[in-house]
Amino acid sequence: MIDFEKDFAIFILSHNRVDKIDTLNMLEKIGYNGKWYVVISTDNTQIDRYKKKIPKENLLIFDKKEVKVDTMYSTMKFEPRSAVYARNFIIDYATPRYKYFLMADDDIRDIKFKVDLGGHIKDMAAMPHIPQILRNFVEYLESSDKLAGLAFAIGSGYFGGVRSIYKMEREVCVFMVFKSSHIRRFRGIQCEDVILSCDNFDQVYLTWRGGAVIIPQRGQNAGGNDYDTQSLPPNMFWWIAAPSAVKVTGRWSRLRFNKKLYPCIIRENNRK
């Protein structure tokens, strides 16, 4: 039997947004009174303000260089601009202390039920029910020997209407409940909320399609290949890391694509 008050905690990743921790505000609105933490790194420029705003017992501060990341893809140098360090720090901190824990980004403004009403999706308020839904998530994880994590979908996953509900193939970890006994570490600095180690396929991560977290748009559509545009690097990362999992299609009929273009390892020394 799980003691929810003792065996469960919420961890919120935050970076330089001390005045806008939307997830924490949401927890206050729904009356969550369980254990929670805000997690920041030592390179946070607002660290003193976090210390003033967040109670000491609820603030966790870590050094990114001390966190183990199993695989560093897409760069040959230490790249601090990634939440992968915070995610793995939370795993290291939470697993010996709690049987279950929720890992959440700091910009979650709302949570909606997504209901299929005969061919179209209707949003319904879910926030008042979140404490009970989290309890249900924990009970469901407890009932399964293979299930390692259960997540909410994200609102953008429903673009395209009802059909999109059945096509979401990405288990995004922006608001996911983990089971400590079945934990896996995060792997890459790109797409860090998705890539988990898959050494054991007996442990499964699922996304609950009945609800979605609402987060603001962070990327842009300007294009270009600059790292900060969040455009080209993540896409090219997939080509390098898992070419067999990539399908390339054209957006416009006049777009021409060279079918002979494919990723390859030029030097074995650079394979990693």
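## The nonpolar cores

A nonpolar core here is a set of buried Ala, Val, Leu, Ile, Met, Phe, Trp, Tyr and Cys residues joined through side-chain atoms within 4.5 Å. Buried means under 20% relative accessible area, exposed means over 50%, and partly exposed lies in between, using a 1.4 Å probe and protein chains only. This is a predicted model, in which local features need pLDDT of at least 70 and side-chain atom pairs count only at pLDDT 80 or more, while totals for chains, interfaces and linings use all residues. Residues are numbered from 1 along each chain as its sequence is written, and side-chain values use heavy atoms, with hydrogens and water left out.

The largest nonpolar core has 41 residues, and F8, I10, I111 and F175 touch the most other members. Helix α5 (residues 130-142) gives the most to this core, with six residues; helices (H or I, at least four residues) and strands (E, at least two) are DSSP runs, numbered from the N terminus. What does F175 contact, leaving aside neighbours within four places in sequence? Its partners are M26, L102, M103, A104, I108, I111, A151, F152 and V213, where contact means heavy atoms within 4.5 Å. A second, separate core of 27 residues includes L13, A86, M176 and F186.

On one pairing, six bridges join β1 to strand β4 (residues 100-105), and the two run parallel; L13 has D105 as its bridge partner in β4. Five bridges join β1 to strand β2 (residues 35-41), again in parallel, with Y37 of β2 as the bridge partner of F11. Two strands pair if DSSP finds at least two bridges between them.

Together, β1, α2 and β2 make a right-handed β-α-β unit. Right-handed means that, with the strands pointing away from the viewer, the path from the first strand over the helix to the second runs clockwise. The buried residues of α2 are D22, T23, L24, M26 and L27, and they pack against β1, β2, β4, β5 (110-116) and β8 (175-179).

Most residues other than glycine have a negative phi. N16, in the loop between β1 (8-13) and α2 (22-29), has a positive phi of about 55° although it is not a glycine. N16 is partly exposed, with a relative accessible area of 28%. Just after α2, G31 takes a positive phi of about 75°.

## Aromatic pairs

Rings of Phe, Tyr and Trp (its six-membered ring) pair if their centres lie within 6.5 Å; planes under 30 degrees apart count as stacked, over 60 as edge-to-face and the rest as tilted. By this rule there are 15 aromatic pairs. F137 and W208 have ring centres 5.8 Å apart and planes at 85°, so they are edge-to-face. This pair links distant parts of the chain, with F137 in helix α5 and W208 in strand β9 (residues 204-214), 71 residues apart. F137 is buried at 5% relative accessibility, whereas W208 is partly exposed at 28%.

One aromatic cluster is formed by F11, Y37, F62, F89, Y93, Y98, F101 and F178.

## Confidence

The predictor's confidence in each residue, from 0 to 100, is its pLDDT. The protein chain has a mean pLDDT of 76, and 63% of its residues reach 70 or more. Over residues 220-231 pLDDT stays under 50, and the model has 16 contacts for them beyond four places in sequence. Residues 252-259 also have pLDDT below 50, with three contacts beyond near neighbours in sequence.
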